[in-house]
Amino acid sequence: MPGSQARSRARDPLNRPEFLSLNQPSRREPAPGEGRGGGGGPRRPAFRQQQSQQEDAGGRGPRESSERGDAAADGGPKEDCIQLNPTFRGIAISSLLAIDISLSKRLGMCVGARGPGAPLRSMVTLLALTGHALPWICGTLICIWSSSTLAGQEVLVNLLLALILDLLTVAGMQKLVKRKGPWDLPPGFLDYVAMDMYSFPAAHASRAVMVSKFLLNHLVLAVPLRILLYLWTLLVGVSRVLLGKHHLSDVGCGFALGFLHFSLVESVWLDSATCQTLVSIGTLRWSPLV
């Protein structure tokens with residue numbers, strides 16, 4: 001047996017002493033920062049490291065794509081999302097808004113000093129001023145101060161409360177919606193005074209409807225005066241569109257809001273005794289203050 005092993009070694013040229021160095025695995029020289037001790041442990045060959053990195057990258061790619069898909073499904077960033085099938089409701093609303101803006105711009109004939117309605121600009125501005133909050137509130141206060149009848153003071157005090165309610169409600173809705181006018185004109189001084197700085201809803205239209213309904217219900221007026229009152233309400237709303245301050249939809253919503261304010265004031269109508277108490281407090285003639 002020992003003789004046969006020696007013969008096999010002699011036949012195999014790689015088992016010779018001069019070829020033994022070729023059969024052993026090559027040792028990598030340690031880097032300057034690496035120690036030669038056993039702290040690093042066994043190291044994998046370079047091709048195995050590259051293979052493991054490729055496997056990690058390949059496994060991470062589908063995982064990241066699935067996570068991105070889940071994030072988009074949960075309401076993540078949707079900048080690249082395009083709605084290819086819009087609903088009929090969305091198309092109808094967009095079309096109506098486009099028509100509203102187009103018609104409102106065409107009707108704004110009195111916007112500039114050189115527009116087609118420039119000769120009528122002063123008259124339209126004066127007509128719009130009749131629906132402003134400042135003249136109505138100041139005029140109502142003067143009438144309350146000069147009135148000597150209990151019935152007249154009752155009607156005037158309720159009218160004053162209706163004007164204040166209309167002013168605050170419209171200003172709050174405009175601040176909430178913040179819709180610009182068709183020509184995006186800056187608000188004037190009187191607009192700042194009445195807090196009428198945005199387009200939706202139209203404050204002048206709401207006030208005109210509320211005042212007209214109030215006067216028609218609590219004053220005895222002849223038929224021509226009633227017709228003039230209705231005509232004045234309509235012209236006040238149209239004047240704001242001609243001046244480029246409001247859209248047609250703003251004026252329509254203002255008319256509806258004016259009816260709502262009138263109905264609300266009628267439902268919480270203050271009696272004569274309460275109105276007299278308020279008048280006494282306002283004129284500093286209340287008995288505890290004297």
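A residue is called buried when its relative accessible area is under 20%. On that basis, 27% of the 290 residues of the chain count as buried in this predicted model.

**Figure 1. Overall arrangement of the chain in the predicted model****.** The chain contains 12 helices and zero strands. Read along the sequence, its pattern is α-α-α-α-α-α-α-α-α-α-α-α. Among contacts between residues at least 6 apart in sequence, 72% join residues at least 24 apart.

**Figure 2. The largest pocket and its lining****.** The volume of the largest pocket is about 270 Å³. Its lining comprises 15 residues, and those nearest the centre are Thr 125, Asp 191, Arg 240, Leu 243 and Lys 245. Helix H5 (121-129) and helix H8 (189-193) each contribute at least two lining residues. H5 provides the largest share, namely four residues. Sorted by class, the lining holds seven nonpolar, four polar and four charged residues.

**Figure 3. Surroundings of Arg 240****.** Arg 240, one of the residues nearest the centre of the largest pocket, is located in helix H10. Its relative accessibility is 6%, so Arg 240 counts as buried. Leaving aside neighbours within four places in sequence, Arg 240 is in contact with Ala 128, Asp 191, Asp 196, His 204, Lys 245 and His 246. Two of these partners, Asp 191 and Lys 245, are likewise listed among the residues nearest the pocket centre.

**Figure 4. Two aromatic pairs****.** The count of aromatic pairs comes to two. In one of them, the rings of Trp 136 and Trp 232 have centres 6.0 Å apart and planes at 55°, and the pair is therefore tilted. This pair links distant parts of the chain, with Trp 136 in helix H6 (residues 133-146) and Trp 232 in helix H10 (residues 223-242), 96 residues apart. Trp 136 counts as partly exposed because its relative accessibility is 22%, whereas Trp 232 has a relative accessible area of 17% and is buried. Phe 214 and Trp 269 form a stacked pair, with 5.7 Å from centre to centre and 25° between the planes. Distant parts of the chain are linked here as well: Phe 214 belongs to helix H9 (residues 203-218), and Trp 269 to the loop between helix H11 (248-267) and helix H12 (272-282), 55 residues apart. Phe 214 is buried, with a relative accessible area of 1%, while Trp 269 is partly exposed at 26% relative accessibility.

**Figure 5. Nonpolar cores****.** In soluble globular proteins, nonpolar side chains tend to be buried together. The largest nonpolar core here has 24 residues, and those with the most contacts inside it are Ile 137, Ile 144, Leu 163 and Met 210. Two or more residues of this core come from each of H6, helix H7 (150-177), H9, H10, H11 and H12. H7 gives the most, with seven residues. Beyond its neighbours within four places in sequence, Ile 144 is in contact with Gln 153, Leu 156, Val 157, Leu 160 and Val 279. Another core lies apart from this one and has six residues, among them Ala 202, Ala 205, Val 209 and Val 241.

**Figure 6. Leu 165 and its contacts****.** Leu 165 is placed in helix H7 and, at 26% relative accessibility, counts as partly exposed. Its contacts, leaving aside neighbours within four places in sequence, are His 261, Leu 264 and Val 265. Leu 165 and His 261 are 96 residues apart in sequence, yet 7.5 Å apart in space, C-alpha to C-alpha.

Figure 7. Most residues other than glycine have a negative phi, and most peptide bonds are trans. Pro 201 lies in the loop between H8 and H9. Lys 178 lies in the loop between H7 and H8. At 47% relative accessibility, Lys 178 counts as partly exposed.

Methods
Residues are numbered from 1 along each chain as its sequence is written. This is a predicted model: local features need pLDDT of at least 70, side-chain atom pairs count only at pLDDT 80 or more; totals for chains, interfaces and linings use all residues. Side-chain values use heavy atoms; hydrogens and water are left out. On a 1 Å grid over the protein atoms alone, a cavity is a set of points where a 1.4 Å probe fits but cannot get out, and a pocket is an open set with protein on both sides within 12 Å along at least five of seven lines; lining residues have an atom within 4 Å of a point. Grid points are joined across faces, edges and corners, and a volume is the space filled by probe spheres set on the points. Ala, Val, Leu, Ile, Met, Phe, Trp, Tyr, Cys and Pro count as nonpolar, Asp, Glu, Lys and Arg as charged, and the others, Gly among them, as polar. Rings of Phe, Tyr and Trp (its six-membered ring) pair if their centres lie within 6.5 Å; planes under 30 degrees apart count as stacked, over 60 as edge-to-face and the rest as tilted. Buried means under 20% relative accessible area, exposed over 50%, partly exposed in between (1.4 Å probe, protein chains only). A nonpolar core is a set of buried Ala, Val, Leu, Ile, Met, Phe, Trp, Tyr and Cys residues joined through side-chain atoms within 4.5 Å. Contact means heavy atoms within 4.5 Å.
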